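Subject: Handover of a structure and of what was found in it

Dear colleague,

I am pleased to hand over the structure below for your study. Please open it beside this message, as the notes that follow are meant to be read with it.

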Amino acid sequence: MFKTARLKLTGWYLLIIMSVSIFFSIAVYRGSTLELGRGLRLQAVRFTSREQPVFQIPLNGPIPSPGFDVTLLEELKRRIAMQLILINIGIFAMSGFAAYFLAGKTLKPIEESLDEQKRFISDASHELRTPLTALKSEIEVALRDKNLDLGQAKKLLNSNLEEVDKMQALSNYLLALDRYQSNKLKLSFNKVKVSGVISKAGEKVQKLANKKDVHILQKGRDVEIMANEIGLVELVTILLDNAAKYSQKGKSVVVSTHSDGKNIYIKVQDFGIGIKASDIPYIFNRFYRADASRSKTLVEGYGLGLSIAKSIVELHHGKISVESTVNEGSIFTAVLPLKQQTLLVSNVTL
Ligand code: ADP
């Protein structure tokens, strides 16, 4: 599909270039042959009567004297035409290569974004298929059981509910991704106290933290930042949720903040399973999950949290990074500017 599009675009580029080139060639041909004719006529007139001034020599018209060699003029016209044709053939060949190259360059980002979209759809449907298949087979087995009693039915419904919860979580992640990654989003930026953000995020992960006996500790001074509060709470929630998810029971998670007057540094440190160096470059990619989290510890997730976190940080013109050692723990650091550019603050509304 992209090959044909590339060829078509090359054709259009060539058509434009060649139209311009042929137009100029015709203009050059006409101008130069007229001047040439006039020059030859002038020479012929001078040859016969030496007094006639140059401006009185007509560009066209009858041959003024026997000294004017019409075959010479025709020969010169032919030579000019041949040269212009050769030049146009050269331009056609060169611009053909250039147009093909440029068409490739123009189409590359479109091709990449289409590939990305295809990958996204296939990943998302793959993730949706697992809970859907489980749901379907559980219901089918129950329907075939003629002696299904109330207790078994309730057990089945509870299990169904778990699968529905998983799908709901996935759709929430997908919606959040769309919200933060699409350009349609218009965020409002207000003054936000970071301590409030951390408390709200802490409340959201408290259930998981309690389940895993993980203690969330908060350190550092409170800082006020120009930010989108909902986005910031979501960012810290994702980092805290991961820290709790990938921690061993009874460990602590430390959230610390400090500012250098220009930026705020939000660090979330855990003492959990850590991340292999080979996985680190990919963990912010959509649907990427390191093997350790897939198989060894069987931690639930879709590999979408960190890509949402990255989008939120980028919307705030910040950066997110990670340092990690396997079996020792990880430190995720989000660096956000304290103030956003005026343009961003005034242009955006929620
Ligand atoms: P999820 O946690 O749902 O799998 P994320 O996008 O949040 O998806 O994280 C991507 C991957 O990065 C995880 O699967 C896990 O392998 C790794 N990861 C993220 N945070 C941590 C952490 N605090 N400790 C260890 N591994 C982590």
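A helix here is a DSSP run of H or I that holds at least four residues, and helices are numbered from the N terminus. Please keep in mind throughout that this is a predicted model.

The largest pocket

The volume of the largest pocket is about 1600 Å³. Its lining is made up of 38 residues, and those closest to the centre are Ala169, Tyr173, Glu300, Gly301 and Tyr302. Sorted by class, the lining of the largest pocket comprises 16 charged, 14 nonpolar and eight polar residues.

Several helices take part in this lining: helix 2 (70-144), helix 3 (150-181), helix 4 (194-212), helix 5 (229-245) and helix 6 (291-296) each contribute at least two residues. Which helix gives the largest share of the lining of the largest pocket? That share comes from helix 3, with ten residues.

Helix 3

Helix 3 deserves a section of its own. At the start of helix 3, the backbone nitrogen of Gly151 has a side-chain oxygen of Asp149 within 3.2 Å. Because the expected span is 1.5 Å times one less than the number of residues, the 32 residues of helix 3 should span 46 Å. The end C-alpha atoms of helix 3 are 46 Å apart, which agrees with that expectation.

Helix 3 also has buried residues, namely Leu156, Asn160, Glu163, Met167, Leu170, Ala176, Leu177 and Tyr180. Against which helices do the buried residues of helix 3 pack? They pack against helix 2, helix 5 and helix 7 (305-315).

Thr10 belongs to helix 1 (residues 2-48). Buried means under 20% relative accessible area, so Thr10, at 9% relative accessibility, counts as buried. The side chain of Thr10 reaches the backbone oxygen of Arg6 at 2.6 Å. If residues up to four places away in sequence are not counted, Thr10 touches Gly96, Ala99, Tyr100 and Ala103.

Asn88 is located in helix 2. Is Asn88 buried or exposed? Its relative accessible area is 11%, and therefore Asn88 is buried. Apart from neighbours within four places in sequence, Asn88 makes contact with Met18, Ser21, Ile22 and Ser25.

With kind regards

Methods:
Residues numbered from 1 in each chain as written. Predicted model: local features only at pLDDT ≥ 70, side-chain atom pairs only at ≥ 80, totals over all residues. Heavy atoms only, no water. Buried < 20%, exposed > 50% of the residue type's maximum accessible area, 1.4 Å probe, protein only. Polar contact = N/O pair within 3.5 Å; in protein donor to acceptor, adjacent residues only side chain to side chain. Contact = heavy atoms within 4.5 Å. 1 Å grid on protein atoms, 1.4 Å probe; cavity = no way out; pocket = protein on both sides within 12 Å on 5 of 7 lines; lining within 4 Å. Points joined across faces, edges and corners; volume = space filled by probe spheres on them. Nonpolar A, V, L, I, M, F, W, Y, C, P; charged D, E, K, R; others polar.
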